[in-house]
Amino acid sequence: MSSVSLASVSLAYPGGHLGLADVDLRVGDGEFVALIGPSGSGKTTLLRTVAGFVRPTAGSVRVGDAVVADADRWVEPERRGLGMVFQQHAVWPHWSVGRNIEYPLRRSGVRRAERARRVSEALELVGLAGTERRNPATLSGGQRQRVAIARAIVARPRVLLLDEALSALDEPLRDRLRLELRLLTRELGLTVLHVTHDRSEALALADRVVVLDGGRVQQQGAPAELLRRPASAFVAGFIADATVIEGALDASGFRAHRPALRVAADRIERGPETGAAAAGAAGGAASPGWASPAPGSPVELAVLPEHVRVVPDSEGPAAVASSLFGRDGDDLVVDWNGLRLRSRGRGIRCAAGTRVRVEIERAIAYPAASTGRRAAGAEEPDAHEPAAAAPPQSSRTRRGSGAAEAQPAPPMVSA
Ligand SMILES: Nc1ncnc2c1ncn2[C@@H]1O[C@H](COP(=O)(O)OP(=O)(O)OP(=O)(O)O)[C@@H](O)[C@H]1O
């Protein structure tokens, strides 16, 4: 067992594509870390950098105490002591299960009797004892993936790298294998780096989740910490399906013009990155968790689905645009005068088309600069927000990983 460390690692692909940009990351001995991020964010590149399939342009990679890649040193993938499981094509179809699993042992010259013993032990660990002679084609998808896991651990690697290892499997098999994988890696005390596009999987499995975007680490932390305190509007949108609304802070709270919306100051928390921007500036009385914002400070307000309360009301100003059944309550998208808000409340059941009232119970404000975009609300002076303004032309409201809405909307005030 061992740790993995990346120090100031950058990787530019030939042709100029940036794979990784100044990444610092440490996966502790026995820790399970999940890497998530949008498509093209650099997850696979990071894993391949650790595996040794690509060489960083700058920085260093260590496995345990040994430097395996830096400007002067390069250790071949097979000498790094790693096990890997990929999403597909993980098992050679023309070899028996046993032959597949013993392959890494053969390569390192382990004798026949010892190979047989270790293959049988690995199969036992993944719940496939006695299947050495089976043809992989006669196994289910889940069983084949277990064979791939057995092959990855048979040589007793120091670190296990998983690249979308469960993604090709159907639920509920994926769910079961997740649990088994977690138990197995704990039992063996393995250090694991797991790339997945599945946010729920990352949150369920990992001790620590690392969110990548544009080849950079945007945030890393325990799953609960990421959900509770996303470091930026991007992370809030990506990991927790937050609706992100661009606007400005003033003494009474948050104000957006497109669509027109106000959220009272006592419902707003400062995001971790707003501290420097907001602290010490003139403004109204400080609210809990939100000290003296600069009047007119452009911000992005992240509203988590759990904090949007929806109440059926035939006179309500909003309508349910879509409703997906969830075990504990429906997953709703509410159209509130052009603003598409995601809402997920326990016990809430609402069909599409239902008129509703909406209340934003809590929101997190981040400086607009945190994701490099301009706040729409900051474009307009306060005097331009009348009680019954002409419909604005557009909104740049984002939800989740980037959906945008652009609809006219009359002004409105949160409850
Ligand atoms: N072999 C390559 N040559 C050039 N550019 C590449 C190569 N592989 C990846 N890239 C670029 O590097 C960036 C990161 O890609 P990477 O595959 O690591 O992302 P990812 O987060 O794993 O994406 P996905 O979830 O879609 O698999 C992207 O901009 C991609 O286009």
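Figure 1. Leaving out residues up to four places away in sequence, Ala363 touches Phe254, Val263, Arg267, Ile268, Leu301, Ala302, Val303 and His307, where two residues are in contact if their C-beta atoms, placed from the backbone, lie within 7 Å. This is a predicted model, in which local features need pLDDT of at least 70 and side-chain atom pairs count only at pLDDT 80 or more, whereas totals for chains, interfaces and linings use all residues. Residues are numbered from 1 along each chain as its sequence is written. The largest nonpolar core holds 106 residues, of which Ala150, Leu161, Leu193, Ala236, Ala302, Val303 and Ala363 touch the most other members. Because domain 1 (4–228) and domain 2 (233–405) both give residues to this core, it lies between them. A nonpolar core is a set of buried Ala, Val, Leu, Ile, Met, Phe, Trp, Tyr and Cys residues joined through C-beta atoms within 7 Å; a residue is buried if 20 or more other C-beta atoms lie within 10 Å of its own, exposed if 12 or fewer, and partly exposed in between, with C-beta atoms placed from the backbone.

**Figure 2. Contact between the two domains.** The chain is divided into domain 1 (4–228) and domain 2 (233–405), with bounds that come from an automatic or database domain assignment. Eight residues from domain 1 and six residues from domain 2 make up the contact. On the side of domain 1 that touches domain 2, strand 9 (208–213), strand 10 (216–221) and helix 7 (223–228) each supply at least two residues; helices (H or I, at least four residues) and strands (E, at least two) are DSSP runs, numbered from the N terminus. By class, this side of domain 1 has four nonpolar, two polar and two charged residues, where Ala, Val, Leu, Ile, Met, Phe, Trp, Tyr, Cys and Pro count as nonpolar, Asp, Glu, Lys and Arg as charged, and the others, Gly among them, as polar.

**Figure 3. The shell around the ligand.** There are 13 residues around the ligand, and Tyr13, His17, Ser39, Thr44 and Thr45 come nearest; a residue is near a molecule or strand if its C-beta atom, placed from the backbone, lies within 6 Å of it. Helix 1 (residues 43–51) gives the largest share of this shell, three residues. The shell has one nonpolar, eleven polar and one charged residues.

**Figure 4. Helix 2 and its packing.** In helix 2 (residues 97–107), the buried residues are Val97, Gly98, Asn100, Ile101, Glu102, Pro104 and Leu105, and they pack against helix 3 and helix 4. Helix 2 is followed by Gly109, which has a positive phi, near 75 degrees.

**Figure 5. Val356 in strand 20.** Val356 lies in strand 20 (residues 355–360) and counts as buried because it has 23 C-beta neighbours inside 10 Å. Apart from neighbours within four places in sequence, its contacts include Val310, Val311, Pro312, Gly316 and Cys350. Gly316 is 40 residues from Val356 along the chain, yet their C-alpha atoms are separated by 4.6 Å.

**Figure 6. Two non-glycine residues with positive phi.** Asp22, placed in strand 2 (residues 18–27), has a phi near 55 degrees, and with 14 other C-beta atoms within 10 Å this residue is partly exposed. Glu164, in the loop between strand 7 (159–163) and helix 5 (173–188), has a phi near 50 degrees and counts as partly exposed, with 19 C-beta neighbours inside 10 Å.
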